[in-house]
Amino acid sequence: MKPELIRELKEMLSDDRVLDSLDERYSYSFDASFGTFLPDVAVFPVTTEEVVNVIKLANREKIPVTPRGGGTSLSGGPLPVAGGIALVMTRMNRLLEIDRDNLVAIVEPGVITAELQRRAEAEGLFYPPDPSSSNVSTIGGNLAENSGGPHGLKYGVTKHYVIGLEVVTPQGEIIRTGGMTVKNVTGYDLTPLIVGSEGTLGVITKAILRLIPKPRARKALMAVFNDLIDSGRAISGVLTNGILPAKMEILDNPSIRAVENYQPIGLPVEADAIILIEVDGHPAAVEDEINRAAEICRRYRAKEVRVAENERQREELWRARKLVSPAITQVKPTKISEDATVPRAKIPEMFERLRQIRDKYNIHLVVFGHAGDGNLHPNIIADIRDKDEMRRVEEAVGEIFKAAVELGGTLSGEHGIGTMKAPYMEMELGPVGLDMMRRIKQAWDPDNILNPYKIFPQPGQTRVVLSE
Ligand SMILES: Cc1cc2nc3c(=O)[nH]c(=O)nc-3n(C[C@H](O)[C@H](O)[C@H](O)COP(=O)(O)OP(=O)(O)OC[C@H]3O[C@@H](n4cnc5c(N)ncnc54)[C@H](O)[C@@H]3O)c2cc1C
């Protein structure tokens, strides 16, 4: 990028909010997936007007701009693949208002997700979207990825809580979508188009988020199964018997063993699967539902059911799930975390397909995730320095996506497409479906300024590149 443009950016913002030295730029060259791409400059706007000015300069000079939040994406979204400007939104981080009367929060995009959750709870309210990265990811990143978490089963994902946005378009205009009302059917609904657009259609500069009353009580149980298929049946059994848990997570045997090897907490290492179920709501209903969920698990041959009797025990049960990610990275240094999602009734079949893929490619595959909504997390543990292993991993990843789509599912339940899954988009959407999406991108961003090389495969791109 020309030095005079860097100077112009420094005049536009301030010297300390425009970083152009190599070491500083390196900090904005990666995310939690694969690949390193240096931006020419990293800029830190603090107002919407500054975002507008940066985007207008980029349009004038035809320079790519890649929006960035906490940089925790698992799919390559904030990677500045074409260089240019890394637009780091973390300093627009004011939580502007929690409006109790209207049950909404108004936030800037750099607010950390857990901070919003805490502030809402302090007011007796609840912001349910709960990605595991909530202590470090931003609301802007969550909206752009349409992130989800265990609460997705009962409460839905990020998009279900966004009712209004302020957005800077790829050409540097400010638009407002939706508003403060829960109902709004005026024209095309642009809010859900921006949510999940991975920074390719606009820069989110403000969001109006729906809050709900905080549930009064919650209870959890752990059910242990000797056979994964039985656990799949128990999951369906709970859901078809009138119980909608707040969370319902599954851990397979390799996940259980990894946790016990890492931090022994008394999990049954011989079990084929564990299900964790949490119900929330009115205290009387919670008591009734947890007992019925326990009974259903026993009916489907759970060999043990542990119901947490108090808050401390509830937290202990959830420790098993929280420890899986750190535990599996002890096995080998490289973790490829996928989020292929299938219709819930297909979970047992998906587990079977994953076992076949594991054996065929001789890979270390661990499966856990959001059983209630079919959003599994097949995680492959490998060593990026081992070229032969990474080639097998690469092929296995392709087959995992294929299996999910063949079972009526999707490439991604929550991590997004970015660079990592772009080569597989046509497999799920078909050529016409993909082309309609491309046309939306072209209409919004004719010069392809905003976050280029994301979502859409490049000509000839047939595989995800994990190791080069
Ligand atoms: C340990 C770990 C656990 C995770 N667990 C989960 C999980 O449970 N569920 C889940 O869904 N994801 C999870 N993720 C993935 C990741 O945390 C989410 O995708 C998260 O929403 C990204 O937020 P971020 O602030 O880090 O955004 P970034 O990674 O910086 O960016 C993500 C995308 O958002 C765009 N973007 C960022 N800010 C803006 C903005 N203001 N306007 C427009 N576009 C913008 C970027 O261009 C990029 O495409 C996990 C990641 C890690 C490392």
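Modeller: What follows takes the ligand and then the charged pairs. This is a predicted model, in which local features need pLDDT of at least 70 and side-chain atom pairs count only at pLDDT 80 or more, while totals for chains, interfaces and linings use all residues. Residues are numbered from 1 along each chain as its sequence is written, and side-chain values use heavy atoms, with hydrogens and water left out.

The ligand is surrounded by 33 residues, the closest being P67, G69, T72, S133 and T138; a residue belongs here if one of its heavy atoms lies within 4 Å of the molecule. By type, the shell around the ligand has ten nonpolar, 19 polar and four charged residues. In this division Ala, Val, Leu, Ile, Met, Phe, Trp, Tyr, Cys and Pro are nonpolar, Asp, Glu, Lys and Arg are charged, and the others, Gly among them, are polar.

Some atom pairs can be named. A backbone N or O atom of I204 lies 2.9 Å from a nitrogen atom of the ligand, and a backbone N or O atom of E198 is 3.1 Å from a ligand oxygen atom. From E414, a polar side-chain atom lies 3.2 Å from a nitrogen atom of the ligand. On its own the ligand has 980 Å² of accessible area, and the protein covers 91% of it; such areas come from the Shrake-Rupley method with a 1.4 Å probe, and for residues only the protein chains shown count as cover.

Strand 3 (65–68), helix 5 (139–145) and strand 10 (203–210) are the elements that give two or more residues to this shell. Helix 5 gives the most, with five residues. Helices (H or I, at least four residues) and strands (E, at least two) are DSSP runs, numbered from the N terminus. The ligand lies between domain 1 (3–88) and domain 2 (95–213), because both give residues to the shell; the domain bounds come from an automatic or database domain assignment.

Now the charged pairs. Side chains of opposite charge can pair when their charged atoms come close. The whole structure holds 41 salt bridges, each being a side-chain nitrogen of Lys or Arg within 4 Å of a carboxyl oxygen of Asp or Glu.

One of them joins R314 and E278, with the closest N and O atoms 2.6 Å apart. This pair links distant parts of the chain, as R314 is in helix 11 (residues 311–328) and E278 in strand 14 (residues 273–281), 36 residues apart. R314 counts as buried, because its relative accessible area is 7%, and E278 is also buried, at 2%. Buried means under 20% relative accessible area, exposed over 50%, and partly exposed in between (1.4 Å probe, protein chains only).

Another salt bridge joins E316 and R312, whose closest N and O atoms are 2.8 Å apart. Both residues lie in helix 11, four residues apart, which is about one turn of the helix. E316 is partly exposed at 42% relative accessibility, whereas R312 is exposed at 51%.

E123 and R100 also meet through their side chains in a salt bridge (3.9 Å, N to O). E123 is in the loop between helix 4 (113–122) and strand 7 (125–126), and R100 is in the loop between strand 5 (95–99) and strand 6 (104–107), 23 residues apart. E123 is partly exposed, with a relative accessible area of 31%. Elsewhere, K2, E8, R60 and E61 are linked in a network of salt bridges.

Notes: A polar contact is a pair of N or O atoms within 3.5 Å; within protein, one must be able to donate a hydrogen and the other to accept it, and residues adjacent in sequence count only if both atoms are side-chain atoms.
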